[in-house]
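Here's a quick briefing for anyone meeting this structure for the first time. Have a look at the sequence and model, then read on.

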Amino acid sequence: MALPRRFLPSIASLRALEALERLGSATAAAEALSLTQSAVSRQIQALEEQLGVPLVVKSGRRMGLTPDAVQYAAEIRAALGQIAQASMKLAVNPSGGALSLAILPTFGMRWLVPRLPDFARLHPEVTLNLSTRIKPFNFDVEPFDAAIHFGANDWPGTASMRLRGEAVIAVCAPEVIAAKRPANARDLLELPLLHIETRPDAWRAWFAAQGVQAARVPGTIYDQFSTITQAALHGLGVALLPEYLAHADLDSGRLVVAWGGPTASPGGYYLIWPETKGEDGALAKFRDWLSGQINEEDLLPR
């Protein structure tokens with residue numbers, strides 16, 4: 001049954017409401033939409049008239065939303081994201097489908113991308129679009145069909161396929177331990193430790209694996225492995241790097257092992273996708289192909 005016209009507002013009105021809720025002011029919404037502030041106000045007023053529901057709370061010249069309108073805007077945001085994603089797929093590859101995949105920068109470039117020529121050869125009809133994301137996100141508002149994620153298999157509303165685990169190694173520039181080489185794992189607590197933002201408990205887990213209970217592990221924080229690697233190379237402290245990332249610099253002597261050897265990290269790498277997209281054709285082809293690439297015994301490309 002077709003919905004009544006009053007329940008199908010214009011995209012322009014819905015975008016104005018979504019932008020106002022997301023950005024917090026009519027001025028910011030107008031700038032984001034390349035409209036005037038009065039045009040944003042008119043769009044939202046038209047939406048109120050069409051729905052027959054008040055959406056706006058005004059305080060002086062400031063425009064806010066009612067609690068119900070805030071919830072409505074969140075649902076509209078998800079719907080607009082789905083419309084944009086479907087439109088992009090149709091425009092980019094109307095025959096074979098497209099797959100928009102969020103990847104971790106380092107793992108994506110070092111593990112996935114070297115394997116993609118094989119996928120392209122087997123499935124030339126599928127367009128694969130890659131973007132980097134470091135942290136988990138909401139599939140309802142981000143234009144992705146799937147993501148490669150490191151951590152626990154606990155992303156709400158998704159299904160997953162485990163790709164592989166990871167071993168990390170404590171490394172530093174030679175000068176960091178030149179004066180006094182650590183005699184045991186606990187000695188590393190006396191050194192500056194470098195943390196990766198996306199794995200806040202990595203050092204605590206590493207110490208626990210060495211039999212050291214460290215309630216507090218201070219240090220500096222970096223957002224990506226590329227930056228934490230450079231920090232380690234420049235002598236800023238000891239970093240926990242995936243073994244495959246540290247290999248070349250260890251071989252060249254630019255980095256040395258601070259203490260111990262490869263230690264299994266908690267969690268693993270997963271392909272994650274929304275449960276609602278499980279039967280998507282392009283995703284199914286990619287997932288089936290990726291399942292043939294999984295081999296825990298294989299070293300990651302170096």
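**Salt bridges and burial**

Arginine 254 is partly exposed, with a relative accessible area of 47%; here buried means under 20% relative accessible area, exposed over 50%, and partly exposed in between (1.4 Å probe, protein chains only). Keep in mind that this is a predicted model, where local features need pLDDT of at least 70, side-chain atom pairs count only at pLDDT 80 or more, and totals for chains, interfaces and linings use all residues. Residues are numbered from 1 along each chain as its sequence is written, and side-chain values use heavy atoms, with hydrogens and water left out.

- Arginine 254 has a salt-bridge partner in aspartate 249, at 3.3 Å from N to O. A salt bridge is a side-chain nitrogen of Lys or Arg within 4 Å of a carboxyl oxygen of Asp or Glu.
- Aspartate 249 is buried, at 12% relative accessible area.
- By that rule, the count is 11 salt bridges.
- Glutamate 18 and arginine 22 form another one, at 2.7 Å from N to O. They sit four residues apart in helix α1 (residues 11–23), about one turn of the helix. Helices (H or I, at least four residues) and strands (E, at least two) are DSSP runs, numbered from the N terminus.
- Glutamate 18 counts as buried at 10% relative accessibility, while arginine 22 counts as partly exposed at 47%.
- Then there's glutamate 197 with lysine 135, whose closest N and O atoms are 2.8 Å apart. Glutamate 197 is in the loop between β8 (193–196) and α7 (202–209) and lysine 135 is in the loop between β4 and β5, so this pair ties together parts that are 62 residues apart in sequence.
- Glutamate 197 counts as partly exposed at 36% relative accessibility, and lysine 135 counts as partly exposed at 48%.

**The five-stranded sheet**

- Five strands make an open sheet with mixed pairing, in the order β4-β3-β5-β12-β6. Two strands pair if DSSP finds at least two bridges between them.
- The edges are β4 (127–132) and β6 (158–164), each pairing on one side only.
- Strand β3 (residues 98–103) runs parallel to β4, with six bridges between them. Leucine 99 has leucine 128 in β4 as its bridge partner.
- Strand β5 (residues 146–151) is antiparallel to β12, joined by five bridges. Here alanine 147 is partnered with isoleucine 272 of β12.
- On the other pairing, β6 and β12 are antiparallel over six bridges, and arginine 162 stands opposite tyrosine 270 in β12.
- Seven of the seven residues of strand β12 (residues 268–274) are buried, so the strand is largely enclosed by the rest of the structure. One side has Gly268, Tyr270, Ile272 and Pro274, and the other has Tyr269, Leu271 and Trp273.

**Aromatic rings**

- There are 14 aromatic pairs in the structure. Rings of Phe, Tyr and Trp (its six-membered ring) pair if their centres lie within 6.5 Å; planes under 30 degrees apart count as stacked, over 60 as edge-to-face and the rest as tilted.
- Phenylalanine 107 and tryptophan 111 are stacked, 5.2 Å centre to centre with 10° between the planes. Both are buried.
- Phe107, Trp111, Phe150 and Tyr269 make up one aromatic cluster.
- The charged end of arginine 199 sits over the ring of phenylalanine 150, 3.6 Å from its centre. The cut-offs are NZ of Lys or CZ of Arg within 6 Å of the ring centre and within 35 degrees of the ring normal.
- Arginine 287 lies over the face of tryptophan 273, at 4.6 Å from the ring centre.
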